[in-house]
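Here's a quick briefing to read alongside the model. Have the sequence and the 3D view open as you go.

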Amino acid sequence: MPAEHRTALRLPSPSVSNLGSAYGGTEGGADVRAPLDGSPELLRAAFRRHPAGVAVITARGSRLAGFTATSLTSVSAQPPLVSFGVGTASGSWAVIAEAEHVGVHLLGEGQRELADRFARSGADRFAPPTRWREGPEGVPLLESVPVWLVCRVVARVPAGDHRVVVAEVVAGDPAGPGRPLVHHDGRYNALRD
């Protein structure tokens, strides 16, 4: 690499003053906070700063169930796997715990009300104005979403007061209308160009 490029990329070498500022000291008058101990509040505060896509997970059992999730993750391409977290105290857990298949819906920027409806406890989430139909494997599919997937549940992994559900994609449509809805700092947002 030419010398002029190495100079442009050079990082300061660690020194006592640099390490002190990174771990609660001060440098140049700047006040640096000490790290917080691990806690639910710390986790919530940290993830309020992390933007996430908004999904609705649905399933059919003895009744219809669904909830809003920001924990959806692509896990593997081969086989095609996704994962999401669900609280064991949630009203949807009893159905998700027994379901062989689930619906995964990525919401669009104009679907904030739909996200709120599926996040609200005690509401009949599938009543009008929610528009849905029965999809492959009997999974309830929401209409007019940018992406829907039907997934076969392959694992439910205990994780504190939640379960991480791992599911294999068996069908779907990634070509619906709209740009994605994003959750950040406790609010729904649209992507900006």
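Predicted model: local features only at pLDDT ≥ 70, side-chain atom pairs only at ≥ 80, totals over all residues.

Residues are numbered from 1 along each chain as its sequence is written, and side-chain values use heavy atoms, with hydrogens and water left out.

**Nonpolar cores**

- A nonpolar core here is a set of buried Ala, Val, Leu, Ile, Met, Phe, Trp, Tyr and Cys residues joined through side-chain atoms within 4.5 Å; buried means under 20% relative accessible area, exposed over 50%, and partly exposed in between (1.4 Å probe, protein chains only).
- The largest core has 18 residues, and Ile57, Phe67, Phe84, Ile96, Val102 and Val165 touch the most other members.
- Two or more residues each come from β4 (55-60), β5 (64-69), β7 (81-87), α4 (93-98), β8 (101-106), β11 (147-159) and β12 (162-173). Helices (H or I, at least four residues) and strands (E, at least two) are DSSP runs, numbered from the N terminus.
- Take Ile96: leaving aside neighbours within four places in sequence, Ile96 is in contact (heavy atoms within 4.5 Å) with Ile57, Ala59, Phe67, Phe84, Val86, Val102, Arg156 and Val165.
- There's also a second, separate core of 15 residues, with Leu107, Phe126, Val139 and Val150 among them.

**β4 and its partners**

- Five of the six residues of β4 are buried, so the rest of the structure largely encloses this strand.
- Strands pair if DSSP finds at least two bridges between them. β4 and β5 run antiparallel, joined by six bridges, and they form a hairpin with three residues between them.
- Ala55 sits opposite Ala69 in β5.
- β8 is also antiparallel to β4, with four bridges joining them; Val56 has His105 in β8 as its bridge partner.

- Most residues other than glycine have a negative phi, and most peptide bonds are trans.
- The Gln78 to Pro79 peptide bond is cis, with omega near 0°, and Pro79 lies in the loop between β6 (73-76) and β7.
- Pro128 to Pro129 is cis too, with omega near 20°; Pro129 is in the loop between α5 (112-119) and β9 (132-134).
- Glu137, in the loop between β9 and β10 (140-142), has a positive phi near 60°. Glu137 counts as exposed because its relative accessibility is 56%.
- Ser144, in the loop between β10 and β11, also has a positive phi near 60°. At 42% relative accessibility, Ser144 counts as partly exposed.
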